[in-house]
Protein chains: 2
Amino acid sequence: MRFSSCYIPTLKESPADAEVVSHKLLLRAGMVRRLTSGLYVYLPLGLRVIEKIGRIVREEMEKADFRELLMPMVQPADLWKETGRWEHYGKELLRFKDRNEREYCLGPTHEEVITDLVRGEVRSYRQLPVRLYQVQTKFRDEIRPRFGLMRGREFVMKDGYSFDANTEGAEKSYKAMYDAYMRIFRRLGLRFRAVEADTGSIGGNFSHEFMVLADTGEDTIAFCHECEYAANVERAEVVWKGQPATAACPAMEEIATPGAHSVEEVATMLGVPASSIVKTMLFKADGQTVAVLVRGDREVNDIKLKNLMKVQEVELADAATVQAVTGAPVGFAGPVKLGVPIYADAELQGGTAYVVGANAADAHIKHVDLKRDAAVTAWGDLRTITPEDQCPRCGGRMELTRGIEVGHIFMLGVKYSEAMHAVFLDENGKEQTMIMGCYGIGVSRVAAAAIEQNHDENGIVFPPPVAPFECILLNLDPRSEEVNAKVEEMYTMLQGRGVEVLMDDREERPGVKFKDADLLGIPTQIVVGGKGLARGIVECKDRRTGEKGELSADNLEQDFAAWIEKVRQGWADR
Amino acid sequence: MRFSSCYIPTLKESPADAEVVSHKLLLRAGMVRRLTSGLYVYLPLGLRVIEKIGRIVREEMEKADFRELLMPMVQPADLWKETGRWEHYGKELLRFKDRNEREYCLGPTHEEVITDLVRGEVRSYRQLPVRLYQVQTKFRDEIRPRFGLMRGREFVMKDGYSFDANTEGAEKSYKAMYDAYMRIFRRLGLRFRAVEADTGSIGGNFSHEFMVLADTGEDTIAFCHECEYAANVERAEVVWKGQPATAACPAMEEIATPGAHSVEEVATMLGVPASSIVKTMLFKADGQTVAVLVRGDREVNDIKLKNLMKVQEVELADAATVQAVTGAPVGFAGPVKLGVPIYADAELQGGTAYVVGANAADAHIKHVDLKRDAAVTAWGDLRTITPEDQCPRCGGRMELTRGIEVGHIFMLGVKYSEAMHAVFLDENGKEQTMIMGCYGIGVSRVAAAAIEQNHDENGIVFPPPVAPFECILLNLDPRSEEVNAKVEEMYTMLQGRGVEVLMDDREERPGVKFKDADLLGIPTQIVVGGKGLARGIVECKDRRTGEKGELSADNLEQDFAAWIEKVRQGWADR
């Protein structure tokens, strides 16, 4: 394609409102434009990236025997009322009425619609499994749309769904998707990890997230250096393997700690390690106030609390609640004589003689033996994993790293099929509920994540499978007949070989073309100029390594074939 | 693809609520399902048809140097307020508010968004022309969604837009689109016509519609047998070439016509031809009441009235208005002493001594000379063309036929760019307004139109370029090893040749497979059964003609190549 006939409005400066690097570079490279909060136009080059990702996703979905369909974006409220999500989904679900005052929403996901479709067609186990997917524009009315394509309101998503007759079948469908996702992200040329994850608002029995590794990721993942275990820190298990403490504990003693609200302040004031202090935090769990205890050097994991208590929603209690329950301001809560259920992290069993808040302003209690002095309702895994923890599977060394969630697969079980009565007759003519799975990939987010992972100070460094073009052909002197002729020869040759090539035919200075070529991140740059031709060569550059090469002007095709193979291999070996 | 792994829920019976044949057949062939009023799910086979159409559309758009982008479906109200369409568009524009109470709509079309995009980037004439398009899901809150994909609320549309520096450039862009549309519909294998059309609510200077010819079409088009002229009857010009009547007319005379309201009743009662009666109809034109006169055997064309009067909206006056203006019930209006502006069809100048309504119940007036007895405001082309009229260009013989509008291109001029201040600096540094064009194709409607034009009593008869597969391979005996082996051989061979093939591997009776194959409308059926193989042959059938052939089991590939060539040629020669 010729640059002049494409619409690639590159920018010299980063727009002030772009917060993350992918957003900045997508804007600067003329790939997207913001229409309004959370709504973006994909310009031709950006759309090519989306299409490239979409093609690989589709190919692997089809290989896994999932078939593509397309459901409406606008969905009737009735279906959402059947599953209860009309009430529970929150404001991200954009609800509205049509001209006849009937209620609808803009689809943020399609479990209800697909379940309605399948329950209308499937009668017998012989029609199962059903495996379907779509690539579609979704809408979620985010409270704070930001980071460009990373957290927009309208975005392109691949959502797949499976319906099986039994658990074994459902696990096969899930496994087929897990494997397909591994192939997809490998083929996209991204460094990524599949991790165990929490099922969140989609619900279901278990799930995996697919994380593109990038320092700028919003998520943290923990993985083992010795085995395959990897999980979102939201969920990564901490197995306490210590022995319960048996040492005798002196009697409790209240001590003044004026103005010491935080663990650090208390530790400093008393000259004790944070690990000898118990952090007591109050939460509202589905409306009920509860206390959670972890060691002073640990963090409470509210998702683990939610799962341990089997509740829907958990949030930190506000200051008024803390005051009402403990009789003290925030910073002095403790488990002694506390009138609410207490959930304690298992690790605390390994110590005794802890320092805890006294439930009174400016006071703590020392020499607290939790088993003796507090009414613990349950012990469990309630803290977030740290790099010092051991792998819950093999005991190996763990590492924490940042990632961007680009895919998520869920074993849904019967959550939706039961609510919507999606049933079939089994071999014995008995009615059974279908077992479902759902499988998402944020297609437009993959584009942003690819950039977060692959860029430098000069711009994007696209992995070849995601790049809008494989080569950019720079005409350094569009006024020279000789240069023009060689550029056209090269262009025709590349197209003949099936190489996707963007020819920069603009009337611009070489400096502008070099800068834009780097900015766009196309893997190979081919530079045709008068000086090179005088030496009988055409230059090329590997965008990733910066390495330069020369193609003999008389042997362009063969030299190019060797070059492109080297670039591809370099990416593969990375 | 294997039928068993695809999701093709065919139906034996036509669903009761399907009104038109394409809707019935799309449902029966398992290509679409209705979610709710005007909202459809495209099942895998239906989506393949949409994708096939989309691919051809995209290829021809790119050839015309239009580049694909993707704009949001959700659009901010502000842009629509700039053009005034927020107020004027009517209830088809679905408006809603987001969680922050900001106003949005679901895009029925994207003139505002694209103009906003381009005005933000283009500064100089050197950046023009800009030619962009998208293939996207649109939403129009139709008052009466019906006919399946023909008039749904959510539908797939290709919308293209051009921005030029001057009229010559804009005309070049328009011509490039006209030519691209001709190529698109030719490549799709459809019988169609490009016709001059009214610009309707999109506005602009002139436009062409692309009509798929089908008896069930909602539109009527008039075309000339001798020249290229073709137009929607809404617009088809009628040129009156007669001489003004000069014969003396007797004095007016009121006559009783009790109960005779219609032209037919008056003609019968008085024993005169309908052509000697003047039909007087009252309209509201942007709120003002006016009268329109046409010959008794003609129909008033309200779009011509709108264009002649240069008003926005024209509708038939209600009975109360007729009573108030004429002093008589509906059926007795006439131009004599009528206190509102009178617009008369040019043809009426050719006659005299007309019969007209008397503006009094049960009375008409005869011997009316319109020039003498009525205060005609303007004469003009105000009636709908008939097959008896001559071609306005060459005087040739006209014919009327039914069509389905599948494409529409508009020369918009500065309607949107002026309202939204989309300007640039010309060669002399002077600010100029961009000249726009917009170009739509109803991609999902093309699928329905293809079926309306091509079907028989057994089902769909898809033109090969639109068919979800080119061949369907019927395994008549999945329990026979010999048959299975030959089917698999054939399947592999076809895929190797790049033929898109659907293999019916289901455990169903041959009768079911034959019926479904006819229903799906795939151009070639290949039938592998034990009886044929015993004779050393595989049967095939041309879905369009019903013609059968035999492929030698030992020479499958060559025989098939000859067969498929014949089928394709048959379609081309049709």
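In the predicted model, Pro129(A) sits in the loop that runs between α5 (111–121) and β7 (130–139) of chain A. The peptide bond between Leu128(A) and Pro129(A) is cis, with omega at about 0°. In chain B, Pro129(B) likewise lies in the loop between α5 (111–121) and β7 (130–139), and a cis peptide bond, omega again about 0°, joins Leu128(B) to Pro129(B).

Two further backbone features were found in loops of chain A. Asp65(A) is not a glycine, yet its phi is positive, at about 65°. This residue belongs to the loop between α2 (44–63) and β3 (67–68) of chain A. With a relative accessible area of 37%, Asp65(A) is partly exposed. Phe147(A), also a residue other than glycine, has a positive phi near 60°. Its place is the loop between β7 and β8 (154–164) of chain A. Phe147(A) has a relative accessible area of 15% and is buried.

The contact surface is shared by both copies, since 100% of the contact residues of chain B recur in chain A.

The cysteines were then considered. A disulfide is a covalent bond between the sulfur atoms of two cysteines. The count of disulfides over all chains is zero. For Cys227(A), the closest cysteine sulfur is that of Cys391(A), at 3.6 Å, which is too far for a bond, because the cut-off for a disulfide is 2.5 Å. Cys227(A) is partly exposed, at 24% relative accessibility. In chain B, Cys249(B) has a relative accessible area of 13% and is therefore buried.

Cys249(B) is one of the residues touched by Asp369(B); the others are Thr352(B) and Ala374(B), when residues up to four places away in sequence are left out. Asp369(B) lies in the loop between β19 (363–368) and α10 (370–373) of chain B. Although buried, Asp369(B) has no salt bridge: Arg372(B), the nearest side chain of opposite charge, is 5.0 Å away, and the limit for a salt bridge is 4 Å. The side chain of Asp369(B) does reach a backbone atom, the nitrogen of Lys371(B), at 3.0 Å.

Burial also marks a whole helix of chain B. In α12 (residues 443–453), 11 of the 11 residues are buried, so the helix is largely enclosed by the rest of the structure. The buried residues of α12(B) include Arg445(B) and Glu452(B), along with Val443(B), Ile451(B) and Gln453(B). A run of alanines, Ala447(B), Ala448(B), Ala449(B) and Ala450(B), is also among them.

Side chains of opposite charge can pair when their charged atoms come close. Over all chains, 96 salt bridges were counted. In chain A, Arg479(A) pairs with Glu507(A), with 3.2 Å between the closest N and O atoms.

In chain B, a salt bridge joins Lys81(B) and Glu103(B), whose closest N and O atoms are 2.6 Å apart. Here the pair links helix α3 (residues 77–83), which holds Lys81(B), with strand β6 (residues 103–106), which holds Glu103(B), across 22 residues. Lys81(B) is partly exposed at 37% relative accessibility, and Glu103(B) is partly exposed at 33%.

Arg535(B) and Glu550(B) form another salt bridge, with the closest N and O atoms 3.0 Å apart. These residues are 15 apart in the chain, Arg535(B) being in the loop between α15 (530–534) and β30 (537–542) and Glu550(B) in strand β31 (residues 548–552). Arg535(B) is exposed, at 55% relative accessibility, whereas Glu550(B), at 48%, is partly exposed.

Salt bridges can also be joined into a network. In chain A, one such network links Arg295(A), Asp297(A), Arg298(A), Asp345(A), Glu347(A), Arg383(A) and Asp389(A).

Technical notes. Residues numbered from 1 in each chain as written. Chains lettered and ligands numbered in written order. Predicted model: local features only at pLDDT ≥ 70, side-chain atom pairs only at ≥ 80, totals over all residues. Heavy atoms only, no water. Buried < 20%, exposed > 50% of the residue type's maximum accessible area, 1.4 Å probe, protein only. Contact = heavy atoms within 4.5 Å. Helix = DSSP H or I, 4+ residues; strand = E, 2+ residues; numbered from the N terminus. Lys, Arg positive; Asp, Glu negative; His and termini not counted. Polar contact = N/O pair within 3.5 Å; in protein donor to acceptor, adjacent residues only side chain to side chain.
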